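Look at the sequence and the structure below before reading on. The paragraphs after it go through the structure step by step.

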Amino acid sequence: MEEAGIPTVSVYVKSFGHIPELMGLSRSLITQHPMGRPLGAPNDGDRQRAVVEHALSLLGRTEQTIEAFPEGYRLP
Amino acid sequence: MTDSLPDNDELDNDTESIEDLRNSFMYGSRSDLNFKFTRDLSDAEFGDFLSELFAATARVGDGADPLDVVDVAYRWQVQAYAGHLGDPKDFPHRKDDTPLAPFTKPLNEAKIMVLTSSGHFVEGDDPEPFGETNMTQAEAESRIVEFVRSEASLSAIPVDTPAADIRVRHGGYPVQAATIDPQVVLPLEHLRSLVGTGVIGSLTENAYSFVGATAQGHIKRTYGPAWAQIAKDQGADAVLLVPI
């Protein structure tokens, strides 16, 4: 995507948080969530939306970015 | 007395090593993809994991936060994957040094596309892997090796699709959360809301999902150009990627 001129941002769970650095991915947000719930727990709309907004806020970065979402997993 | 004892063959059949037990969660007799990471623990680590899990479970029984149990599993999941898969010398893909594509539009004017490896699809538009209709999640898990070796199939999901019409099947990760609520990985309602509040400009007509049961480097090399063209055809100014 980046080679084609389309900026990207990825959301990874921490279990796979090593991949963005190893692959040299563009912009990544790492969440402290269990595998299969990268944006948050089921029906935790506030957390899911916060993760999405945080990820989209990274699109303006011009250098490789790997940032951690600051809060841990929670249940709604 | 002697007649009541099992013979040696029966004893062997009843014997399960700690390694067998660890492996049984990874597409084995106890397959549970939430815990397939136990295959990547040593026997001693597995013992420590179980000990912590039992202790947390007992605490929950006494009124502690149930999240404590989730946290134990989460911490060991992270340790297993990072410890055994995070070593650069074992990583099979070349590091990408492509300069970042600049994001030139303000977010509130930009059109965003979502691409995820979650295995979601719209009801009535089943990708029918291997030509099979109505494949179950259990069958997808049992055929994970075939998925890994097969071509990825991209499902288009119109962004106005109600969550109730979205299905998921993926043999590579625990799908129960994504079944209960697709937005744990495919945040269509949130993105529509962000458009409504003016945080982002618009969404592409479709979001896209596929069964990402293969190496990311392979996906990038094999499908990257075609999928980038889809993003261009959709008029995307940026893409939100949610690998599972």
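What follows covers the contact between the chains, then the parts of chain B.

The model is predicted. Begin where chain A and chain B meet: 46 residues of chain A are in contact with 51 residues of chain B. Three elements of chain A, namely β1 (8–13), α1 (19–23) and α2 (45–57), each supply at least two residues of the side that touches chain B. Of these, α2(A) gives the most, with 6 residues. By residue type, the side of chain A that touches chain B has 24 nonpolar, 14 polar and 8 charged residues.

Two parts of this contact can be followed in detail. β1(A) is joined by 3 bridges to strand β7 of chain B, residues 238–242, and the two strands run parallel. To find the place in the model, look for A:Thr8, which stands opposite B:Val239 in β7(B).

The second is a pair of helices. Two packed helices are described by the angle between their axes and the distance between the axes. Here α2(A) packs against helix α8 of chain B, residues 188–196, at an angle of about 65°, and the axes are 10 Å apart. The crossing of α2(A) and α8(B) is right-handed. Which residues of the two helices meet? From α2(A) they are A:Gln48, A:Arg49, A:Val52 and A:Glu53, and from α8(B) they are B:His190, B:Leu191 and B:Leu194. The residues of this contact divide into 3 nonpolar, 2 polar and 2 charged.

Now turn to chain B itself. Chain B is divided into domain 1 (13–90) and domain 2 (107–242). The centres of the two domains, taken over C-alpha atoms, are separated by 28 Å. The contact between the domains takes 4 residues from domain 1 and 4 residues from domain 2. On the side of domain 1 that touches domain 2, 2 residues are nonpolar, 2 are polar and none is charged.

Strand β6 of chain B, residues 206–209, pairs with two other strands of that chain. With strand β1(B), residues 111–116, β6(B) pairs in the parallel sense over 2 bridges. Here B:Thr116 has B:Ser209 as its bridge partner. With strand β3(B), residues 155–158, β6(B) is joined by 4 bridges, and these strands run antiparallel. In this pairing B:Ile157 stands opposite B:Ala207.

Are the residues of β6(B) buried or exposed? B:Asn206 and B:Tyr208 point one way from the strand, B:Ala207 and B:Ser209 point the other way, and all are buried.

Notes. Residues are numbered from 1 along each chain as its sequence is written. Chains are lettered from A and ligands numbered from 1 in the order in which they are written. This is a predicted model: local features need pLDDT of at least 70, side-chain atom pairs count only at pLDDT 80 or more; totals for chains, interfaces and linings use all residues. Two residues are in contact if their C-beta atoms, placed from the backbone, lie within 7 Å. Ala, Val, Leu, Ile, Met, Phe, Trp, Tyr, Cys and Pro count as nonpolar, Asp, Glu, Lys and Arg as charged, and the others, Gly among them, as polar. Two strands pair if DSSP finds at least two bridges between them. Domain bounds come from an automatic or database domain assignment. A residue is buried if 20 or more other C-beta atoms lie within 10 Å of its own, exposed if 12 or fewer, and partly exposed in between; C-beta atoms are placed from the backbone. Axes are lines fitted to C-alpha atoms, for helices over the stretch in contact, and angles run from 0 to 180 degrees between N-to-C directions. A crossing is left-handed if the near helix is turned anticlockwise from the far one by less than a right angle, and right-handed if clockwise.
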